[in-house]
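Thanks, everyone. Please look at the model on the screen, and I will walk you through a few spots.

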Amino acid sequence: MRINEIFDSTPLMETPRLLLRKLSVEDAEEYFSLASNPLAAKHTIWNAHITIEDSISYLSGLQAKMDQGQAFHWGIIDKATGTFIGRVGFIYFDTLHRLSEVGFALHCDWWGQGIMSEAALPMIRYGFEELGLNRIEGRCNADNLASERVLLKIGMTFEGILRRQLKIKGVFIDQKMYAILNSDFNELHEDALGHI
């Protein structure tokens, strides 16, 4: 696994509608617009942000994990407007097993437009082709149909229910586990790879 590649090159990615570049604490004001909406936080372990300081603290935590080589996150930019609209990334790396997991969040104004699957697909390709990952996982709350659709659209396979795995807003919640293997990726996305 070539994990240092992602931290040495801080890769930029581009799709027909989106630019993906390294997430930064400097994104706090626009991130607050995303994270302060209770709908965006409904299925997450984090609460809706009340002040800009909440967003600064949250992004600082993500930055610390990136600085320590534990995770990597991209900010998602709408090319047509130059607007920051979300984030997507690898939330941890397991170098022994060449494994990672995707995480993402999108501003509610851009929901239902295929944005997140468009952003996640080149990231997954990068994980397999450049980082040498063997397996990329994705989890979502059992009732989070929107995130489940994203995981299916990027070619992940449903593997089962992790019963009451996370405590979210004081309640233990079942998680659906999805994953895609390196050996599956090129076959699944042969057509899509030429368009991103």
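Start with Phe7. Its relative accessible area is 23%, so Phe7 counts as partly exposed. Keep in mind that this is a predicted model.

Now, its partner. Phe93 has a relative accessible area of 14%. That is under the 20% cut-off, so Phe93 is buried.

How do the rings of Phe7 and Phe93 meet? Their centres are 6.1 Å apart, and their planes stand at 80 degrees. Over 60 degrees counts as edge-to-face, so this pair is edge-to-face.

Where do the two residues sit? Phe7 is in helix 1, residues 4-9. Phe93 is in strand 4, residues 83-94. The pair therefore ties together parts that lie 86 residues apart in sequence.

Phe93 also pairs with Phe90. Here the centres are 5.6 Å apart, with 50 degrees between the planes. That pair is tilted. Phe90 is buried, at a relative accessible area of 0%.

Ring pairs join Phe7, Phe72, Trp74, Phe90, Phe93 and Tyr126 into a cluster. In the whole structure there are 11 aromatic pairs.

Next stop, Gly160. You will find Gly160 in strand 7, residues 157-168. Is Gly160 buried or exposed? Gly160 is buried, with a relative accessible area of 18%.

What does Gly160 touch, leaving aside residues up to four places away in sequence? The contacts are Gln175, Lys176 and Met177.

One last distance. Gly160 and Gln70 are 90 residues apart in sequence. In space, they are 26 Å apart, C-alpha to C-alpha.

Terms used:
Residues are numbered from 1 along each chain as its sequence is written. This is a predicted model: local features need pLDDT of at least 70, side-chain atom pairs count only at pLDDT 80 or more; totals for chains, interfaces and linings use all residues. Side-chain values use heavy atoms; hydrogens and water are left out. Rings of Phe, Tyr and Trp (its six-membered ring) pair if their centres lie within 6.5 Å; planes under 30 degrees apart count as stacked, over 60 as edge-to-face and the rest as tilted. Helices (H or I, at least four residues) and strands (E, at least two) are DSSP runs, numbered from the N terminus. Buried means under 20% relative accessible area, exposed over 50%, partly exposed in between (1.4 Å probe, protein chains only). Contact means heavy atoms within 4.5 Å.
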